[in-house]
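This report looks at the spaces inside a protein model, at one helix and at one residue. Please keep the sequence and the 3D view open while you read.

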Amino acid sequence: MKKLLIYLRDYKKECVFAPLFKMLEASFELFVPLVMAAIIDTGIANGDKNYIVKMCILLIVLGIIGLVCSITAQFFAAKAAVGFATGLRHSLFEHLLGLSFTEIDTLGTSTMITRMTSDVNQAQNGVNMVLRLFLRSPFVVFGATIMAFTIDVKSAFVFVIAIILLSIVVFGIMLINIPMLKSVQQKLDTVMGSTRENLTGVRVIRAFCKEEEELEAFKRKNETLTRTQKRAGSISALMNPLTYVIINVAIVRLIWVGALQVDTGNLTQGQVVALYNYMSQILVELIKLASLIITVNKSIACGNRIADVFEIQSSMREQSTVDNIVQPMYEEDSVEFKNVSLTYANAGEASLTGIDFKVKKGQTVGIIGGTGSGKSSVVHLIPRFYDATSGEVLIGGINVKDYPIHKLRDKVGIVMQKAVLFKGDIEENLRWGKKDATKEEINEALSIAQAKDIVEAKGGLLATIEQGGRNLSGGQRQRMTIARALVKKPEILILDDSTSALDFATDAKLRQAIKALDYKPTVFIVSQRASSIQYADQIIVLDDGNMVGKGTHGELLKTCEVYQEIYYSQFKKEV
């Protein structure tokens, strides 16, 4: 949590003024019992109404000044807390975007969302409460004790004993509670993950009539969270009753000692009332402090979870040994895989083994294989979404690890398996490919991607795209994402099973249009359709992470059993 306090550095003034004004408010509050004692001992005892009125006016003035100080403190505390959370959230989001796919896969989406939202909010509440009460409550407690000593030393020792016992209770519960509250947030991650998964796959759940099973699974996870929260809450709940018992016992002892002192003439009735008021102030402040401790415990637990994310560094280091790579790629061997293997983090075995092939600039390469054969893994190594465990991936004769990442990915246009569009209009989505693209470039990309009809049907480039492209069909989303990749005119174009929702005619037109591009990109087409890759200059056949075939369509039909099996499962075998 300490590491996160750097986000308060721009709010030093607020961090000073907030507790300062709170302590000013507390200072005026500490004078109230003395005024009450004066009213009783002087005004009421002597029947002096004018004195009583003056003292009541003084009480009102003290209240107004305290209110002004309190509002000022609340303003500074809120400004600092919101600014802290804003800076933290921006840095956390930037850090998460800087992580490689390996770390993102390991963390999980639900965990990242929880830490960006719930955990940051808890940390914000903690900062707000600390600035308002962390100094005020102890100040009032010790201030009331000191004021009690000015009235009567013997009675004030009751305060000292009470404060010692209360400190033991408060800090003991705090030490026990922090690990439990961290566990609560971890269980919350699980519940959020389940919720996100079910909402994302709600159509599938209904299609297979799995509502009851998913409800039961969610209920189990929610009950686990509830049990953990109850255990943490039961410890926190001990705070108030224990503090009340200690304070009330102290009040009983104080009144008893005070009564004896009044009887002997050592104390006045007003002074006993003042002592009682000081003890009451301590009670109120310790209740606030107990609430603050619970909030701070949650904030520390959440802050530590956020700090844990900042501790995670991307496993993908940018060496930048080639700082000024501006030359065009070599005419020969545009992309080369040299005995490449890949093992994902925490995976039991390698996903790719011994991948070795060369692709010349401007060629079209088809990658085909069964489900889970490693097709996507191969193309994800080109823009360095993952780093090869062994071997080398070369672009233009240079290892991809030696490129600055932004320059490497600027060369590559990739269309993922899952077509993802963002909320906004069509033009905004297409400009992800190239921010300063002209209307002519956008229209050209749409034409090549066979997506012009989508734009016309929606009413033009300013037509709204909903989050995730919900208002488009699967095929429309795929064509729009292909157009987005084509806008930047990449040197390497990767279509990762991104035409699966297109009919055969549209798929053929798309491939012909890409082949006719004047800037001749190197094209990688990942597909399970033999028709999509059979006219490629080179076809790579994968089976369980191994390259079992390499060549043209005709060559593979003669030499590769896996390719034969895939092809003849989709086309009738000629007799």
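## The largest cavity

How much space lies in the largest cavity? About 50 Å³ lies there, where a cavity is a set of points, on a 1 Å grid over the protein atoms alone, at which a 1.4 Å probe fits but cannot get out, and a volume is the space filled by probe spheres set on the points, which are joined across faces, edges and corners. This is a predicted model, in which local features need pLDDT of at least 70 and side-chain atom pairs count only at pLDDT 80 or more, while totals for chains, interfaces and linings use all residues. Residues are numbered from 1 along each chain as its sequence is written, and side-chain values use heavy atoms, with hydrogens and water left out.

The lining, meaning residues with an atom within 4 Å of a point, includes Glu441, Glu444, Leu486 and Tyr519. Helix 14 (439-448) gives the most to this lining, with four residues; helices here are DSSP runs of H or I with at least four residues, and strands are runs of E with at least two, numbered from the N terminus. By class, the lining of the largest cavity has six nonpolar, no polar and three charged residues, with Ala, Val, Leu, Ile, Met, Phe, Trp, Tyr, Cys and Pro counted as nonpolar, Asp, Glu, Lys and Arg as charged, and the others, Gly among them, as polar.

## The second largest pocket

A pocket, by contrast, is an open set with protein on both sides within 12 Å along at least five of seven lines. The second largest pocket has a volume of about 500 Å³, and among its 24 lining residues Val130, Phe134, Met174, Ile293 and Val296 lie nearest its centre. Its lining has 20 nonpolar, three polar and one charged residues.

## Threonine 114

Threonine 114 belongs to helix 4 (residues 109-134), and it counts as buried because its relative accessibility is 0%, the limits being under 20% relative accessible area for buried, over 50% for exposed and partly exposed in between, with a 1.4 Å probe and protein chains only. Leaving aside neighbours within four places in sequence, threonine 114 is in contact (heavy atoms within 4.5 Å) with residues including Gln185, Asp189 and Arg305.

In helix 20 (residues 561-570), the buried residues are Tyr563, Ile566 and Tyr567. They lie on the same side of helix 20, because they cover an arc of only 95° around the axis, taken from the directions from the helix axis to the C-beta atoms. The face turned away from that buried side carries the exposed residues Glu561, Glu565 and Ser569.
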